[in-house]
Amino acid sequence: MSAAEQIETNTTGWWLIFISWLVAMLSTLGSLFFSEVMGLIPCELCWYQRIFMFPLAIILLLGLHPLDSRVTRYALPIAAIGLLFTLYHSLLFYGLIPENLQPCRQGISCADDGMVLFDILPIPLLSLAAFIAIIILLLKAHRLLNRNNHQTRNTII
Amino acid sequence: MKQSHFTLIALFLLVLAFIVAALFHDAGEKQAQEKRAADNSSALIKDYSVKAGNPSAKVTIVEFLDPACETCARFHPFVKQLMQQYSGKVNLVVRYLPLHQGSDQMVAMLEGARKQNKFWEVLELMFETQSQWTINHVAQPDIFWSFIDRAGVDTARIQQDMDGSAIMNIIQQDLADGKLLGTDKTPTFFVNGKPLPSFGFEQLQTLVESEVSAHYK
């Protein structure tokens, strides 16, 4: 790969990570807006998704400046675990899997109607879309940047 | 444009959007809350509610409280102090919002004590000993039973009185009125029907002061 090609690959990779960082930032600030400004109480599954979304907003930013191609290696597993939680949550929300009968207690149900914004946007679906977008973008970036890496590594050896 | 500029601009815009949206939301929420309180003014005070202070005072504080709520316990001395400071000009109405599990039993105990004119003694004892009878935010009335003697009440009579359906009706009505007024946290205060602009002791003090100076010139 020529030097010019490599610069181009790096630029494309950078933008892919940049956009996935934007998605992570939007999701982070959005979920903080729901809980801290609108006063919605995050249900248990929401908390797990937040646990795997918030660090992405930080790790991806650090991977952008300077561009660190290995950031995909660290961010992808986090996003993948987040995706599992959000998949489970979406299935639960749409009643495709039943919520175990539990005695009522303080806190809110993860299949609650209160999770729909402006009557049309269910929060679990927003979360699902965000994790899928981040994973697709990072996988693309990973392929681009790591193909690059293998070649440089091979030439060094 | 350098890539780092993109990141800085994006970061700035995102944070700015968050702050602006939060300010908009708060302003709208404040208006909605004021409107709810004005539209449902009849839900603020009930004849059966516990009252303190001069009945003909021109400033009335309505407090929605939960005996098991920590912030209510910490606010109580301030409210008492306000009542003393504006003695004769301000009175207090207590409404129940037992949001903690087991807290309705504590409210029933209070209503039982009220029949012996010991409401305030028992409420203060509950607040003082709260950390001992609330475990993980769940009220444990059984534990409080071992303290209630200190308030000088007839415990056998309280036990008898607190089972009545009248007390449960009071709690249900208070919860329903709280819902009408958009009250979902404790303590929530209304001064002459006006909600606090934001939560805090200073905000309560300022609102009481302005109402007192408006009605007593």
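In this predicted model, B:Lys185 and B:Asp184 are both exposed, and their side chains meet in a salt bridge with N and O 3.5 Å apart.

**Chain B as a whole**

- Chain B holds nine helices and seven strands, and its C-alpha trace spans about 80 × 45 × 30 Å along the principal axes.
- Of the 217 residues in chain B, 45% count as buried.
- When contacts in chain B are taken between residues at least 6 apart in sequence, 78% of them join residues at least 24 apart.

**Salt bridges within chain B**

- B:Glu124 and B:Lys80 form a salt bridge in which the closest N and O atoms are 3.0 Å apart. B:Glu124 lies in helix α4 (residues 119-128) of chain B and B:Lys80 in helix α2 (residues 70-85) of chain B, so this pair ties together parts that are 44 residues apart in sequence.
- Why does B:Glu124 count as partly exposed? Its relative accessibility is 23%, which lies between the limit of under 20% for buried and that of over 50% for exposed; B:Lys80, with a relative accessible area of 36%, is partly exposed as well.
- A salt bridge also joins the side chains of B:Arg95 and B:Asp174, at 2.8 Å from N to O. The pair links distant parts of the chain, with B:Arg95 in strand β3 (residues 90-96) of chain B and B:Asp174 in helix α8 (residues 165-180) of chain B, 79 residues apart.

- Five strands of chain B make up an open sheet in the order β1-β3-β2-β6-β7, with mixed pairing. Strands β1 (50-52) and β7 of chain B stand at the edges and have a single partner strand each, so one side of each is left without a neighbour in the sheet.
- Strands β2(B) and β3(B) pair in the parallel sense over seven bridges, and the bridge partner of B:Val59 in β3(B) is B:Val90.
- Strand β2 (residues 59-65) of chain B also pairs with β6(B), here in the antiparallel sense and over four bridges; within β6(B), B:Thr188 is the bridge partner of B:Phe64.
- Strand β6(B) pairs in turn with strand β7 (residues 194-195) of chain B, in the antiparallel sense over two bridges, and in β7(B) the bridge partner of B:Phe190 is B:Pro195.
- The strands β6(B) and β7(B) form a hairpin with two residues between them, and B:Asn192 in the turn has a positive phi of about 45°.
- Strand β6 (residues 188-191) of chain B is covered on both faces, with B:Thr188 and B:Phe190 buried on one side and B:Phe189 and B:Val191 buried on the other.

**Helices of chain A**

- Helix α2 (residues 44-64) of chain A has 21 residues, which at 1.5 Å a residue should span 30 Å, and the 32 Å between its end C-alpha atoms agrees with this.
- The buried residues of α2(A) include A:Leu45, A:Cys46, A:Phe52, A:Met53, A:Leu56, A:Leu60 and A:Leu64, and also among them are A:Gln49 and A:Arg50.
- Helix α3 (residues 71-93) of chain A, with 23 residues, reaches 32 Å from its first C-alpha to its last, close to the 33 Å expected at 1.5 Å a residue. Just after α3(A), A:Gly95 takes a positive phi of about 75°.

**The interface of chain A and chain B**

- Chain A and chain B bury about 1,400 Å² between them, and 79% of this area is on carbon and sulfur atoms. On the side of chain A that touches chain B, helix α1 (residues 3-37) of chain A gives the most, with twelve residues.
- The contact takes 16 residues from chain A and 16 residues from chain B.
- Across this interface the rule finds zero salt bridges, while one residue pair is found in polar contact, with both residues at pLDDT 80 or more.

Definitions and conventions: Residues are numbered from 1 along each chain as its sequence is written. Chains are lettered from A and ligands numbered from 1 in the order in which they are written. This is a predicted model: local features need pLDDT of at least 70, side-chain atom pairs count only at pLDDT 80 or more; totals for chains, interfaces and linings use all residues. Side-chain values use heavy atoms; hydrogens and water are left out. Buried means under 20% relative accessible area, exposed over 50%, partly exposed in between (1.4 Å probe, protein chains only). Two strands pair if DSSP finds at least two bridges between them. The expected span of a helix is 1.5 Å times one less than its number of residues. Contact means heavy atoms within 4.5 Å. Buried area is the accessible area (1.4 Å probe) that two parts lose on being put together, summed over both. A salt bridge is a side-chain nitrogen of Lys or Arg within 4 Å of a carboxyl oxygen of Asp or Glu. A polar contact is a pair of N or O atoms within 3.5 Å; within protein, one must be able to donate a hydrogen and the other to accept it, and residues adjacent in sequence count only if both atoms are side-chain atoms.
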